[in-house]
Amino acid sequence: MRRRKKGSDSKKTKKKIGFRRLVSNNLFALHTIWSASPVYMTVYLGSSLVYGLLGFLGETYVLRYVVNGLERGKDLGSIVRFVVILACVTCAFRLALSWFWMVISPKHKKKINMHIVRQLFKKSAEVELSCYENPAFYDQYVKAMEEATNRTLSVMYTLDSLIAKAVSLSANSFLLFLIDPWLILFGLFPLVLGFLRRFERVASHSCESEIKEIKRREKYVKRTFYLNEYAKEMRVGGMWSNMLRDLRETWTDFRRVSVKYGFRRAVCGYIRRVGLDVVTVLGATLYAVWSTMCVGASNGGMSVGDCIVVIGSIGVISSCLNDLVQNLAEFGEHAMFLEDVRYFLAYEPAIKDGTKSAPEGGDLEVKDLSFRYEGCDRDTLQEISFCWKRGERIALVGSNGSGKTTLIKLLLRLYDPQKGSVSLDGTDVKDLTLSSYRSRFGTVFQDFKMFSLSVKENVLLRPTQPGDDELVEAALRESGAWERVARMEHGIDTILTREFDEKGENLSVGEQQKLSLARIFADRTPFVILDEPSSALDPIAEYTMFQNMMRATEGRSVLFISHRLSSAVLADRVLLMDGGRIAESGTHEELMARNGKYAEMFRRQAENYLGSEVNGHE
Ligand code: ADP
């Protein structure tokens, strides 16, 4: 694993957000929640308002009411009545709120999460593959995916706290103002210290961003220890010690980042808290005691009840102000993370969607196609031209790195060419909607992936419908995977991998390949593209698979890449790629008669195969 230069991350992640953007990002989150569930938002924020008021009445006002009432000889009955009514209202409110949180809230929370995730997943499906090769974009993409749901809801939680504190603060301040207007000065002092919050906020965002990068590396290293796909390499040789070294370095980085930002955060926090405790709370307490004892209620000073209220209230005011400043800082923090989410959602994919629906089939014409990967200094594909006739079976062959997979990616519009065009039945594919165009292809990639879902879902790659079972079974028979699936306890309903299901099944690479091939038998698309479909199969399984494939894809246009040229014999036409160009094109017989590169490759493979057979018999 390549190590990052230390310190480079903080520069990359430290970004400034203007006030307007800060407000707009937070409003964006609130708008998102409102669109998904206005009920949830109304109850959540409305309850904070009531909560703040009840808090004030129950903590501060009741104290003043009782002490002043007793001091002034108010009758006990009315005091008790007031306290009991307040207690009943508080209990009823809390009961209603608990019921809402326990019973109603999970449903609405799920709705909100789904609303956010749907937007993100939709966008992520539109993002072109080249974005995955751009580290800065990829980083932002990962952060957006990780942060979106939590951050959006956090904006509402912060607003909720802000409302409750603002209500409590206003009520307590008003009471203090009525008792003695000078007391407000003590209450305002925490605001002066608020600027320290800004330093803490910037430090904590930079710290979190850097730690996130390190955590990504840590997770990767840990994955190599427990994931099946690394299990063999980790057991032979000494690779595990390299990964252990990387894990140790990652933890060293954790410590470095924590120390780097921890000191600044601790100093700012200390000054702020001490300032609050000493100046605000102690100052106001001393002033209230002086006013009660030295001036006296009869000379315009405070009564004992007011003094007690001031001592209790000033603490509440100071903590509310402290929380409010923290809430404002949190809005800033949310805005920074939401900037990634909004940037990602606003991303305009370079591969533009067309407007027309793709025809059901037809000739696929490739004209003067040239393509270069971002950041490369030469073209991977150069002036490729050929016509893939309706129903034609083409074998795409050539040495490693000659551009076969890249050509397939361009045919599927996973990338767009810098020069040239692809047209389906006479229409430039750029004018067709991506979804309709891609739905015309059944594709099995070389690096196909199995999902930890049922066999059935892995074959269909879509939500299942009634009547699918027969379709799946037939497809599995065609691809040669049925024998293995039939042995499974739950047949096509068996979950693949044991990661989430003890009764799940782990398949060998060859078995997985057969299963992925069943996808093209289950879905009768007019075009079939297979990128080395037989690389993990033994020669007999490969032969059977190709025979089945030719039979099952009768009438469909098939393009397959295969390293074993014996399978190219079955194709109507062979395209040989060399250095990003189509070097030879024709039937197997034509190319053999031409005696060029294809003929040479074919003979060499045949000799090797025969040679190994002879050796095998000896
Ligand atoms: P083949 O399928 O014939 O083995 P590929 O199409 O995979 O060849 O690759 C053709 C060339 O393009 C190779 O030199 C490969 O290194 C390069 N290449 C493939 N993918 C990328 C990529 N994402 N970014 C840059 N270069 C790439």
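This is a predicted model: local features need pLDDT of at least 70, side-chain atom pairs count only at pLDDT 80 or more; totals for chains, interfaces and linings use all residues.
Reader: Where does α4 bend, and by about how much?
Author: A bend at a residue is the angle between axes fitted to the seven residues ending there and the seven starting there. In α4 a proline, P106, follows the bend within four residues. The bend itself is at S105, and its angle is about 55°.

Reader: How does α5 reach from its first C-alpha to its last, and at which residue does α5 bend?
Author: Helix α5 covers residues 135-179, 45 residues in total. Its reach is 61 Å, close to the 66 Å expected at 1.5 Å a residue. Its bend of about 50° is at E147.

Reader: How are the planes of Y51 and F93 set, and how many residues apart are the two?
Author: Rings of Phe, Tyr and Trp (its six-membered ring) pair if their centres lie within 6.5 Å, and planes under 30 degrees apart count as stacked, over 60 as edge-to-face and the rest as tilted. The structure holds 21 aromatic pairs, and in this one the centres are 6.4 Å apart with 45° between the planes, so it is tilted. The pair links distant parts of the chain, with Y51 in helix α3 (residues 38-71) and F93 in helix α4 (residues 76-126); the separation is 42 residues.

Reader: Which helices does the aromatic pair of F186 and Y287 link?
Author: This pair is tilted too, at 5.9 Å centre to centre and 45° between the planes. F186 is partly exposed, with a relative accessible area of 22%. The two residues are 101 apart in the chain, F186 in helix α6 (residues 183-192) and Y287 in helix α9 (residues 239-295), which makes the linked helices α6 and α9.

Reader: What is the volume of the largest pocket?
Author: On a 1 Å grid over the protein atoms alone, a pocket is an open set of points where a 1.4 Å probe fits, with protein on both sides within 12 Å along at least five of seven lines; lining residues have an atom within 4 Å of a point. Grid points are joined across faces, edges and corners, and a volume is the space filled by probe spheres set on the points. For the largest pocket that comes to about 1600 Å³.

Reader: How does the lining of the largest pocket divide by class?
Author: Of its 41 lining residues, L129, L414, R438, F445 and L461 are the closest to the centre. Ala, Val, Leu, Ile, Met, Phe, Trp, Tyr, Cys and Pro count as nonpolar, Asp, Glu, Lys and Arg as charged, and the others, Gly among them, as polar. The lining divides into 18 nonpolar, 8 polar and 15 charged.

Reader: Which elements give two or more residues to the lining of the second largest pocket?
Author: About 950 Å³ of space lies in this pocket. It is lined by 26 residues, with N228, E229, M450, T497 and Q512 nearest its centre. The elements are α8 (228-235) and α16.

Reader: What is the phi of L461, and what is that of N595?
Author: Most residues other than glycine have a negative phi. L461 is found in the loop between α13 and α14 (468-479), and N595 lies in the loop between α18 (588-594) and α19 (597-617). Phi is positive in both: near 55° for L461, and for N595 about 60°.

Conventions
Residues are numbered from 1 along each chain as its sequence is written. Side-chain values use heavy atoms; hydrogens and water are left out. Buried means under 20% relative accessible area, exposed over 50%, partly exposed in between (1.4 Å probe, protein chains only). The expected span of a helix is 1.5 Å times one less than its number of residues.
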